[in-house]
Amino acid sequence: MLSVFGLVFAPRPDVAIAEAFRVTRSGGSVGFTTWTPGSARARFGEVAGRYFPGPQDPPPSPHLWGDEEICRARLSRHAVEVSFKLGRVTWAWPSAAAAREETEESDNFVAAARATLSQERYMTFLDDLDDLMRSMNTATDGGLSYEAEYARVVARKAG
């Protein structure tokens with residue numbers, strides 16, 4: 001079973017991972033990726049959280065899967081072997097304006113904000129995202145670039 005930044009958004013982690021192992025053959029692997037706590041993507045979620053009311057009993061953060069200790073604990077009942085490796089992806093644009101344009105076109109938080117917030121609040125949300133991206137910027141050529149840490153997890157089922 002393979003999931004790229006999907007499985008981790010299930011609201012009940014124990015149920016999700018149990019189902020992933022249930023549908024995996026003996027000796028097979030469950031592999032998934034997740035953003036780590038504190039990663040750029042997790043920070044985007046924090047900004048979005050200021051604009052959207054959360055449920056009274058929210059599910060655990062999907063980024064907790066990116067904490068190695070928590071991840072291994074969640075997998076311990078199902079896996080005989082776990083590989084947890086950190087990686088980084090770099091996003092880069094020729095300018096902050098280009099980053100904002102692409103974010104407006106393709107980011108799920110932004111699509112939700114555009115659909116639900118007033119125009120004024122939506123623009124404030126975009127400004128906050130711009131501020132976040134600028135705070136992470138590592139580009140020295142006038143562009144905008146930042147890295148986002150993720151974890152790649154592969155867990156083998158007993159066989």
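A pocket, in the sense used here, is an open set of points on a 1 Å grid over the protein atoms alone, with protein on both sides within 12 Å along at least five of seven lines, and its lining residues have an atom within 4 Å of a point. The model examined is a predicted one, in which local features need pLDDT of at least 70 and side-chain atom pairs count only at pLDDT 80 or more, while totals for chains, interfaces and linings use all residues. Residues are numbered from 1 along each chain as its sequence is written, and side-chain values use heavy atoms, with hydrogens and water left out.

To begin with the overall layout, the protein has six helices and four strands, where helices (H or I, at least four residues) and strands (E, at least two) are DSSP runs numbered from the N terminus. Read from the N terminus, these elements follow the order β-α-β-α-α-β-α-α-α-β. Along the principal axes, the C-alpha atoms fill a box of roughly 55 × 40 × 25 Å.

The largest pocket holds about 610 Å³ of space, a volume being the space filled by probe spheres set on the grid points, which are joined across faces, edges and corners. Its lining comprises 21 residues, and those nearest the centre are Phe 9, Gly 45, Pro 62, His 63 and Phe 109. Helices H2 (40-49) and H5 are the elements that give two or more residues to this lining, with H2 giving the most, four residues. By class, the lining has 14 nonpolar, six polar and one charged residues; Ala, Val, Leu, Ile, Met, Phe, Trp, Tyr, Cys and Pro count as nonpolar, Asp, Glu, Lys and Arg as charged, and the others, Gly among them, as polar.

The second largest pocket contains about 210 Å³ of space. Among the residues lining this pocket are Arg 41, Trp 91, Glu 102 and Tyr 146. Helix H4 (96-106) is one of the elements supplying at least two lining residues, and H4 provides the largest share, three residues. Four nonpolar, three polar and three charged residues make up this lining.

Finally, there is a helix pair to look at. The axes of H5 (residues 108-116) and H6 (residues 119-136) come within 9 Å and cross at roughly 160°; axes are lines fitted to C-alpha atoms, for helices over the stretch in contact, and angles run from 0 to 180 degrees between N-to-C directions. H5 is therefore roughly antiparallel to H6, a term for angles over 145 degrees. Contact (heavy atoms within 4.5 Å) involves Phe 109, Val 110, Ala 113 and Arg 114 of H5 and Tyr 122, Phe 125, Leu 126 and Leu 129 of H6. These contact residues divide into seven nonpolar, no polar and one charged.

Note on methods
Angles under 35 degrees count as roughly parallel, over 145 as roughly antiparallel, 65 to 115 as roughly perpendicular and the rest as oblique. On a 1 Å grid over the protein atoms alone, a cavity is a set of points where a 1.4 Å probe fits but cannot get out, and a pocket is an open set with protein on both sides within 12 Å along at least five of seven lines; lining residues have an atom within 4 Å of a point.
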